[in-house]
Amino acid sequence: MKHIFKLQNRFINFNIYALSLTLLMVSCDLEEEVTSFRTDDNFYQDQEELNRGVIASYSSLYDVMEVEWNITELRSDNTFTNPDRSPESDAPRFTLDRLTVDTNNSINQAYYANCYKTIALANRIIANIDVAVDEDLRNQYEGEAKFLRALMHFNLTRLYGSIVIVDRVLIGEEGFQLSRRPQSEVYPFIIQDLEDAIALLPEQYDDSEFGRATAIAARTILGKVHLTNPNRDLEAAITQLEYVRDRGINDLITDYDNLFEPGDELNNEVIFSVRYEQGLIGLGSPFPNFFAPLQSDGNVVFGNGDGLNVPTEDISDLYLTNDLRKPSSMADSYIATNGTEIFNKHVTKYNSAFNALDDGDVDWPVTRFADVLLMLSEAYIDARGISEALIELNKVRARAGLTDLLEADVNSSFAFKLALENERRLEFAFENHRFFDLLRTNRALTVINEHFTTEFAYNNPDNPDLDASPISDFQLLLPIPQREIDLNPNLAQNIGY
């Protein structure tokens, strides 16, 4: 059995929809996903209730993560949706895969709403923080809420550009009067929330609280924010990331495979993750079934697979033969019941033994120590040169069983950045990093258009209806869901939609 916090977290998630309908009013329509709260000032009556509210905020991440891979991994060159699925019934996913999403895409709508639901839950914690009588817990709960609020705003602004900043409990019709704010305002807001979280949160917990946000997690995300901000601040990123690297709390674990083994989550590489627990009805991870091959008939995971997120030929071929990460991340085939080898690529990273559909047990890491090292490498190449950047990169390569890269192998800044891009792609394959990485480095348009030209899934002469066309810059941003604009005309649409 896993630790108490994880079980509490999942229990609250089981009741999240009832809680949401109690707490939140949405766009004049109870079927709308939650984006603002009712106006009662004393929803939480005491410290224990406030803690349950914090746990509910974490639980809302399950709704976020259930959708996020569709708009990150699937929109990158890492994966595609199995073309044998119905292009009609799966139209929202097929259009995301080809970056031709329209303003009524249901998956896009769900992600947008789920992020703002998490923000709304976090804002309710902050508004009621004074019911916590213990100063340390009061600081912790406020820090956790600000961490989650910052993380959601960060993801939203990377995917939608200018966004609505929701920094408080919204009263009455106030939510229908807000407008999108430029990134020049969004990023300072995110940075302030993360700096507050660093000051308020402990750097670590005992094992029973593993999974809660820490000051180390806030520093790690803040480092990434400084690297991503259009007003990029390399030294600020380096300050945060070097602190995490040198603090001694986190490190690379020896075996990459153990990162994704049930029961091994209490390791010091994981900095923040979304946690899953099998055996409690409806509370496990759905990703093993989502990602297993279509019609694999229980030969990969319990039950059938959906083939929703298939690794590309390109990423499979990118792994070197001796790269220890590939068998822990994906497989090129599986063995059918009759003993035949079926060549059908699939993600294995989240697989575990379970005996109910959508009831996997493997956590989804949001960030881990390898991310810290490779972000430092990214910052060093522009701030300090190739020599220092290689040190951090090679630490990650060594754990993967690969030889060190030498300066002669990457003798220009551009060559190094391409090597780092590939290293991040393989290290964090299918963890929702790739699309964000390509956006951050301004490589998304080039890489995705090449992907559409070279990947067989988009160039199958027997299935020309599923071909992909070159994209334009505007398609890198998602559209604001039309339903949100219908409810709030102050929300301008992204250019091109």
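**Close-up views of a predicted model**

**View 1. Leu121 in helix α6.** Leu121 has its place in helix α6, in a model that is predicted. The relative accessible area of Leu121 is 0%, and because buried means under 20%, this residue counts as buried. Between the C-alpha atoms of Leu121 and Ser273 there is a separation of 19 Å, although the two residues lie 152 residues apart along the chain.

**View 2. The loop between α5 and α6, with Leu99 and Thr103.** The loop between α5 (91–97) and α6 (106–127) holds Leu99, and Thr103 is also placed in the loop between α5 and α6. Leu99 is not a glycine, yet its phi is positive, at about 55°. Most residues other than glycine have a negative phi. Leu99 is buried at 1% relative accessibility, and Thr103, with a relative accessible area of 15%, is buried as well. When residues up to four places away in sequence are not counted, Thr103 touches Pro479, Ile480, Pro481, Gln482, Gln493 and Tyr497.

**View 3. Asn432 in the loop between α16 and α17.** Asn432 is found in the loop that lies between α16 (413–427) and α17 (434–440). Its phi is near 75°, which is a positive value in a residue other than glycine, and at 3% relative accessibility Asn432 counts as buried.

**View 4. Helices α3 and α4, and the surroundings of Gln47.** Helix α3 (residues 47–59) and helix α4 (residues 61–71) pack with their axes 5 Å apart and at an angle of about 5°, so α3 is roughly parallel to α4. On the α3 side the contact is made by Ser57, Tyr58 and Ser59, and on the α4 side by Leu61, Tyr62 and Asp63. Of the residues in this contact of α3 with α4, 3 are nonpolar, 2 are polar and 1 is charged. Helix α3 is also the place of Gln47, which counts as buried at 19% relative accessibility. Leaving aside its neighbours within four places in sequence, Gln47 is in contact with Val131, Ala132, Val133, Asp134, Leu137 and Tyr141.

View 5. In soluble globular proteins, nonpolar side chains tend to be buried together. The largest nonpolar core of this model has 132 residues, and those with the most contacts inside it are Phe147, Tyr160, Leu194, Phe272, Phe287 and Phe416. Helix α7 (residues 135–160) contributes the largest share of this core, with 11 residues. Phe147 touches Leu194, Ala197, Ala213, Ala217, Ala218, Ile221 and Phe272, when residues up to four places away in sequence are not counted.

**View 6. Helix α8 and the helices around its buried residues.** Helix α8 (residues 183–200) is made of 18 residues and reaches 25 Å from its first C-alpha to its last, which is close to the 26 Å expected at 1.5 Å a residue. The residues of α8 that are buried are Val186, Tyr187, Phe189, Ile190, Ile191, Asp193, Leu194, Ala197 and Ile198. An α-helix has 3.6 residues a turn, so residues three or four places apart point the same way. The buried residues of α8 pack against α7, α9 (215–228) and α10 (234–247). Two of the buried residues in α8, Leu194 and Ala197, are among those that Phe147 touches, and Leu194 is also one of the residues with the most contacts inside the largest nonpolar core.

Technical notes. Residues numbered from 1 in each chain as written. Predicted model: local features only at pLDDT ≥ 70, side-chain atom pairs only at ≥ 80, totals over all residues. Heavy atoms only, no water. Axes fitted to C-alpha atoms, helices over the stretch in contact; angles between N-to-C directions. Helix = DSSP H or I, 4+ residues; strand = E, 2+ residues; numbered from the N terminus. Parallel < 35°, antiparallel > 145°, perpendicular 65-115°, else oblique. Contact = heavy atoms within 4.5 Å. Nonpolar A, V, L, I, M, F, W, Y, C, P; charged D, E, K, R; others polar. Core = buried A, V, L, I, M, F, W, Y, C linked by side-chain atoms within 4.5 Å. Buried < 20%, exposed > 50% of the residue type's maximum accessible area, 1.4 Å probe, protein only. Expected span 1.5 Å × (residues − 1).
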